[in-house]
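Here are my notes on this one, as numbered points. Have the coordinates open while you read.

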Amino acid sequence: MEPQLSWYLALSAILFTIGVTGVIIKRNVIAMFMCIELMLNAVNLTFVAFASFFQDVTGQLFVFIVMTVAAAEAAVGLGIIITIFRNRESLDVDEASILKL
Amino acid sequence: MENNLLSLIIFAPLAGAAVNWLIGRRVRDERFIGAVACGSVAISALVAFYLAFKSGGALRSETPVLDHIWTWLQVGAFRADFALAMDRLSGTYALFITFVGFLIHLFAVGYMHGEAGFYRFFAFLNLFMFSMLTLVLGDNFILMFVGWEGVGLCSYLLIGYYFDKKEAGDAAKKAFITNRIGDWGFVLGIMLTFFVTGSVSFFANPAAGEVTHTALSFFKNAQVEPFTAGAILAGGATSIAVLLFIGAAGKSAQIPLYVWLPDAMAGPTPVSALIHAATMVTAGVYMIVRCSEIFGHAPTAMFIVAIIGAATALFAATIGLAQNDIKKVLAYSTISQLGYMFLACGVGAFVAAIFHVITHAFFKALLFLGSGSVIHGMHHEQDMRRMGGLRKYMPITFATMITGWLAISGVPIFAGFFSKDEILWRTWSAPAFSLPSTGFSKLLWAIGALTALLTAVYMTRMMVMTFWGEERFRESHESKHPEPDHHGPVEPHESPWVMTLPLIVLAVLSTVGGFIGVPYALSSVFADRDVNVIEHTLEPVVATVPPGTHGESLVDQHPELAFEPTHVAHSREEISAERLLAGISVLIGLAGIGLGWVIFQKRPLLAMPRVLENKYYVDEIYDAALIRPIEGGSREGLWKILDIGVIDGFLHGIGEVVTEAGRLARYLQAGFVRAYAAIILVGALILIGLFAWKGFPSP
């Protein structure tokens, strides 16, 4: 059988859900970030799948942009985490709760 | 006809109450308070006598004296005004209420000397006079009910006068609550009366724009209801009468609502004399006689009244035989005598009932005040087992109580003989209108005669234990029941003039008061004139019971008699029968006195059967069968489940919902990053869901 579009979309959805669950459940900041990357990659898979099946190159363009943003965001995010870690000696996201309004 | 002086009768005591409450409390001078209290009642009495006996006055004319004070309730067809009406019936009542009331007020000035709450007592006593006079002078059911509730309130306030004693507070609550049960019936009766007749008034006063047809006139030409049990629920005159009687049974202490009256003796003795002997308890009788037109058309109801009256009379007399507290004997005696009055109403002898109300007011007030004098002289000792031989120390009290004793025992010429004998004669000769058979009237007579015998016996016992024999109060107290409020042996003394003067006046009235009602059968022995003053005075205002059998109206048989009051016939056989019965009554009275003397003179402390002393355990039965279940149901069911569970639970639930919502909303601002992530997820899902449902916007 040829791989169907829906399979790719389903896989992407599953990956995305796993990522979302991980973001909410995980207490370790690094793990949260990895899950965020997983979410972004799941979306990338969706775009590529659509681009391939509809023979439209726009999807692949989007992937470029998403990858760029992901890289930039990972760099800045890791920088923040390291700063917080230096201050608090802990990677537990629950403890970083002093930003209350 | 209108006379604005009538309102002075009720407003003078009300003003006295207000003055004593507001000013008497500051001034705290017993002479001032006593003068205001007695003076206001004296004003009422003078006005009542004036309005009754002046030419065209209430007792001399057929039309009532009216006073329309203000228009009170007027809703569609329903109209009840604050208006007074003094006709022959309410005039008679007003006369003895104010006069005996005045004497009791005077007595109380002496009895309550030294009390801290002197002003409070007289304020409430005057308030009571206001309520009682409103009750009898009101021209419609609603105003009568206002007075009815007012006397109940004052009874509660005065029974509970010694508020630091738990038994007084309990007795006051018991009186009020038991009364309320009767009031349920009374109010339903008033409602049904309005529903059936379209009016709640007793008198028509077209001049003042009031209703022109009254509740009573509706029944004048109505059909007499059948003598069946079904008539009780039929919604006509019988239903109304039964409901009204429930109210009367509560106020006038008949079976099954009599239990409050003996406990009410916890109040000061003048209260017992005024409220629970002479006036308030006779309000039920007044109400029935006022509505005699309704009762006269409801033979089933009259039967119930007669039975309960006779049963109560006998029942209470047996209990009175075994009581050791002097006031409790008199309390049960009052219940028993009230039974006589209801028996009279039940057989259609309304005038005889009122006659007994009047003579009973005289001799019962005398007996109560006399016992108050004894209690006062014995430094508040009430147990007759610790009295004895007091006739040497309290001669005036002794002499006056003798007249009361002879009067209640039915010894001629004293007042009680004429009224009790009239009731017994009318019971014996009662027509089969309200009874299953004429034989039944003989049974009722027998119950009444037995009660009369017992009355004489227990009253003799009371007198012997108190005034004759050895002086048991001299024995040392520590050997018997040590009383905390006695200091050493009591030395009895006679009471001051403010207390003995009313006793003397009442003694005179108990002696000669019966002469207003000498029946023709007896007066004809001396002269062929009918001098039955009370019969002539009251006859026009009470209904006459047809002598036919169950529901057959004499009017149907003899239409020419339709407008003739059928009074007791003066035929040969009737007169000799009446004289014979009168002779039997005298013998019963004397036999009772003799029996009591013989038994108790030698052994005053003879113990009576336990079951009688414990009042047939009725209070305990009520407690177990009614009060405990209601209390339990209230506490477990209504309080714990409904009040705390449902109502409080609902309120607490609202609070908890708010708290929970707050607790959840807190996550918006708790700095909790994972919560923020979750909220973003939830928001995104909601948006997608919305779009999925509503449809994506087309490009």
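1. Which residues in H6(B) meet which residues in H8(B)? On the H6(B) side they are B:Thr178, B:Asn179, B:Ile181, B:Gly182, B:Asp183, B:Gly185, B:Phe186, B:Leu188, B:Gly189, B:Leu192, B:Thr193 and B:Val196. On the H8(B) side they are B:Ser239, B:Ile240, B:Leu243, B:Leu244, B:Ile246, B:Gly247, B:Ala249, B:Gly250 and B:Lys251. By class, that contact has 10 nonpolar, nine polar and two charged residues. Here contact means C-beta atoms, placed from the backbone, within 7 Å. Ala, Val, Leu, Ile, Met, Phe, Trp, Tyr, Cys and Pro count as nonpolar, Asp, Glu, Lys and Arg as charged, and the others, Gly among them, as polar.

2. Ground rules before going on. This is a predicted model, in which local features need pLDDT of at least 70 and side-chain atom pairs count only at pLDDT 80 or more, while totals for chains, interfaces and linings use all residues. Residues are numbered from 1 along each chain as its sequence is written, and chains are lettered from A and ligands numbered from 1 in the order in which they are written.

3. Confidence in chain A. The mean pLDDT (the predictor's confidence in each residue, from 0 to 100) of chain A is 91, and 98% of its residues reach 70 or more. Confidence in chain A is lowest in helix H3 (residues 58–88), with a mean of 93, and highest in helix H1 (residues 5–25), at 95. Helices (H or I, at least four residues) and strands (E, at least two) are DSSP runs, numbered from the N terminus.

4. Chain B overall. The secondary structure of chain B comes to 26 helices and two strands. Its C-alpha atoms fill a box of roughly 125 × 75 × 50 Å along the principal axes. Of the 699 residues of chain B, 52% count as buried; the cut-offs are 20 or more other C-beta atoms within 10 Å for buried, 12 or fewer for exposed, and partly exposed in between, with C-beta atoms placed from the backbone. Among contacts in chain B with a separation of 6 or more, 77% come from residues 24 or more positions apart.

5. Helix H6 (residues 166–197) and helix H8 (residues 237–251) of chain B pack at about 155 degrees, with their axes 7 Å apart. That angle makes H6(B) roughly antiparallel to H8(B). Axes are lines fitted to C-alpha atoms, for helices over the stretch in contact, and angles run from 0 to 180 degrees between N-to-C directions. Under 35 degrees counts as roughly parallel, over 145 as roughly antiparallel, 65 to 115 as roughly perpendicular and the rest as oblique. The crossing of H6(B) and H8(B) is left-handed, meaning that the near helix is turned anticlockwise from the far one by less than a right angle (clockwise would be right-handed).

6. Another pair to check is helix H3 (residues 88–111) of chain B with helix H19 (residues 497–512) of chain B: the angle is about 150 degrees and the axes are 7 Å apart. H3(B) and H19(B) are therefore roughly antiparallel, and their crossing is left-handed. This contact divides into 12 nonpolar, one polar and no charged residues. Among the residues that meet are B:Leu103 and B:Phe107 in H3(B), and B:Met499 and B:Pro502 in H19(B).

7. B:Ala253 is buried, with 31 other C-beta atoms within 10 Å.

8. Buried or exposed: which is B:Arg28? B:Arg28 is exposed, with 11 other C-beta atoms within 10 Å. The residue lies in the loop between helix H1 (6–27) and helix H2 (30–53) of chain B, and has a positive phi of about 55 degrees although it is not a glycine.

9. Last, the interface: nine residues of chain B are in contact with 11 residues of chain A. The chain B side divides into six nonpolar, two polar and one charged.

Key:
Two residues are in contact if their C-beta atoms, placed from the backbone, lie within 7 Å.
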